[in-house]
Amino acid sequence: MEKLEKKEISQALIVADNFTDNFAPFTDTKPLALLPIVNVPFLDYAIEFLNFSRIEETFIVVSNGLEQVRSHIEQRLKEYYIWSVKMTITVIGSEGSHSVGDVLRDIDAKGLIRGHFILMTGDTISNVNMIPLLERHKQIAKFDKGACMTVLYMELPPEMRTGDEVTVAVDRLNNRLLTHQRQNPLSRERKFSFGLEYFKLPSGAEIRHDYGDPQIAICSPTVLPLFADNFDFETRDDFIRGLLINEEILDSRIYVAELSAGEYAMKVSNWQKYKMVSNDIIHRWTHPLSPDMGIGRLKLQYNISKNLVYKNKSVQLARSSVLKGSLVIHEASSVGEKSWLSDCVVGKRCRIGNNCKITNSFIFDDVTVEDNCRLDHCVLGQGCIVKKDSTVTGGAVCGDRVILPEKSSIDKLTIQSTAPEFSEPSQKLGKSAFVVLEERETDAQDSDDDDKDITQTTVKRMAPTDYADHESDHSSSSDEEESQRASPVPEDANIFLSEVIDSLKRGFEEKSNPEFLVLEINSSRYAYNMSLSEVNFYVVQAIFHLSPLAEATTSVLAALKQIYSHLGPVLKNYIKGEAAMHDCLKAIQDICQENSNLKPRVSQIVHFFYDEDLLSEEAIVSWHEDLGEDAEWLREGLKKLIVWFQEASSDESSD
């Protein structure tokens, strides 16, 4: 009878702060948990995730912005969010806490957690059903009294880099964690270093370096006392490392749970991850946490049309405006004449002027973008105003209520509306626009401190090229996976290109067997871990660095024919398939743009590659249609060739 009376209430603990400045200046005035992603605050996703898992009591711990979080929860209760029926939420202030360890020691002192609980951060997005995982953890704890934590990992595709990867060793006989090493997101090394302890692992051990860490864990009641007794445990990584080193002394063990296929969990630790996870939400990898489902409420927010365009019914669009795929526009927003939007998120009551182009950008509520503006890979905070003829690119971040003057050009900068402390005159762009000077990022290799918490290492701002775009429409074949170009480390790319140039130069001068040249290039490819797409790109570029083509002035086509007469088999070995043709065209575009002798002859060069069956008509036309405004010279240069293709097609159809 006593066992029947003791029903354990399922509990969860959300740490609402991430204790970094990766999302400054927004987190200077509000907790990270209230920052919106796809027009919904992080905190709403976290609570909905716990509600799916039937958590009955949730504690939200806030060290900065306590009243803001309380007001947010109270407002959600008034709006009758779904979780309010069966879940009790308590917001707790933890002023003075500077790490997860401080928070957990504070919670332990308050005595709020009474049993097993789920520990997560406020910036984690997940659709995992935790019920079976929680039950499995409890079963393990019955047989192993020292089982203190089960950590969740998500398997990542081979080409995907998130900045939250870990290398672990797991005993597959019981899924016990044996070693844990976080991969450094800034490291330029393409190899892993394994200590001697890896070679002493039991025969049932498995080493995995393809796990992403969403910072979700199922904790036993012993976790909080362990944090309380060890003040050097500042982060969860410190906790895991400390227990693995002192496993026998502390008599505590950690277990691993891998997410099943179709389950999603990702921590948003920087702007690049913000872009990646936003893309996943829009593409419905987080279902049912998708824009059209109404997170936490049974109210339709968007109508979804083809190409994943989510649009609130109150949005006003000019007749000549263009909306392309992966786009979300919230209520009461408007888009002006001849404006073009693609791969971006627009909040409530935003005003987009005429003749604007907005791509890969995130626009919060009440933003105004005046006429003739170009936004690409940027973030605009609530109430921002971008005056006409302005450009914001390169991962730039504009905080709340920033007003950019006319004809502003912002690239790779962080802007806030108020003057920073000890600001200089050069930092002022306008009355409500000040540049935030950023500390120079230090290469992780320059540090010898092995105990440094790599999760706190500053990573790049939102990048124009998503090196981890696992949303590619390519099939899963190995060659096509390789063709997704991952941003190479510049040093490796330059060395690889120089080696390809040397190989082709020597092969051309000595008339070497082209098959041997292919073997040399492939050897360099594996040495520098270059993707197939990168090899295609650099092989084509290397051709144009050879004499006599590099020295040609007027006889460019004759020089190209001379080189191709011997190196043609090398090009044909790599330029095979539609993806490779696109790599080839991109290389031609880049090399011609840099070379004044080649630029006016780009049409002849493309036509030559077409005549040699390296490029197809469909690939050239498709590439030409996708050229941006910055390639107007190329569009004009290929105009006659495209017209020739069209006339030839019409003649064939008439026959």
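Predicted model: local features only at pLDDT ≥ 70, side-chain atom pairs only at ≥ 80, totals over all residues.
Reader: How many residues does helix H5 have, and what span in Å should they cover at 1.5 Å a residue?

Author: Helix H5 takes in residues 131-143, and its end C-alpha atoms are 19 Å apart.

Reader: Which residues of H5 are buried, and within what arc do they fall?

Author: The buried residues of H5 are Leu133, Leu134, His137 and Ala141. Seen down the axis of H5, these buried residues line one face of the helix, because they fall within an arc of 100 degrees.

Reader: How many residues of helix H13 are buried?

Author: Helix H13 covers residues 532-543 and reaches 17 Å from its first C-alpha to its last, close to the 16 Å expected at 1.5 Å a residue. Its buried residues include Ser533, Glu534, Phe537 and Ile543. H13 is largely enclosed by the rest of the structure, because its buried residues number eleven of the twelve.

Reader: Is Lys275 buried or exposed?

Author: Lys275 lies in helix H9, which runs over residues 271-282, and its side chain is joined to that of His377 by a polar contact of 3.1 Å. A residue counts as buried under 20% relative accessible area, and because the value for Lys275 is 10%, Lys275 is buried.

Reader: Which residue has its backbone oxygen 3.1 Å from a polar atom of the side chain of Ser252?

Author: Ser252 is found in the loop between helix H8 (247-250) and strand S13 (253-258), and at 5% relative accessibility Ser252 counts as buried. The backbone oxygen that lies 3.1 Å from a polar atom of its side chain belongs to Leu250.

Reader: What distance separates the C-alpha atoms of Val256 and Arg176?

Author: Val256 has its place in strand S13 and, at 6% relative accessibility, counts as buried. Although Val256 and Arg176 are 80 residues apart along the chain, their C-alpha atoms are separated by 6.1 Å.

Reader: How many cavities of 30 Å³ or more does a search of the whole structure find?

Author: Rolling a probe the size of a water molecule over the atoms shows where empty space is left. About 40 Å³ of space lies in the largest cavity, and the second largest cavity also has a volume of about 40 Å³. The number of cavities of 30 Å³ or more found in the whole structure is two.

Reader: How many charged residues are in the lining of the largest cavity?

Author: Among the residues that line the largest cavity are Pro36, Asn39, Tyr274 and Phe364, and strands S2 (36-37) and S25 (362-363) each supply at least two residues of the lining. By class, the lining has eight nonpolar residues and one polar residue, while the count of charged residues is none.

Reader: Which strand gives the largest share of the lining of the second largest cavity?

Author: The lining of the second largest cavity divides into four nonpolar, two polar and four charged residues. The largest share of this lining, three residues, comes from residues 265-267, which form strand S14.

Technical notes: Residues numbered from 1 in each chain as written. Heavy atoms only, no water. Helix = DSSP H or I, 4+ residues; strand = E, 2+ residues; numbered from the N terminus. Buried < 20%, exposed > 50% of the residue type's maximum accessible area, 1.4 Å probe, protein only. Polar contact = N/O pair within 3.5 Å; in protein donor to acceptor, adjacent residues only side chain to side chain. 1 Å grid on protein atoms, 1.4 Å probe; cavity = no way out; pocket = protein on both sides within 12 Å on 5 of 7 lines; lining within 4 Å. Points joined across faces, edges and corners; volume = space filled by probe spheres on them. Nonpolar A, V, L, I, M, F, W, Y, C, P; charged D, E, K, R; others polar. Expected span 1.5 Å × (residues − 1). Arc of directions from axis to C-beta.
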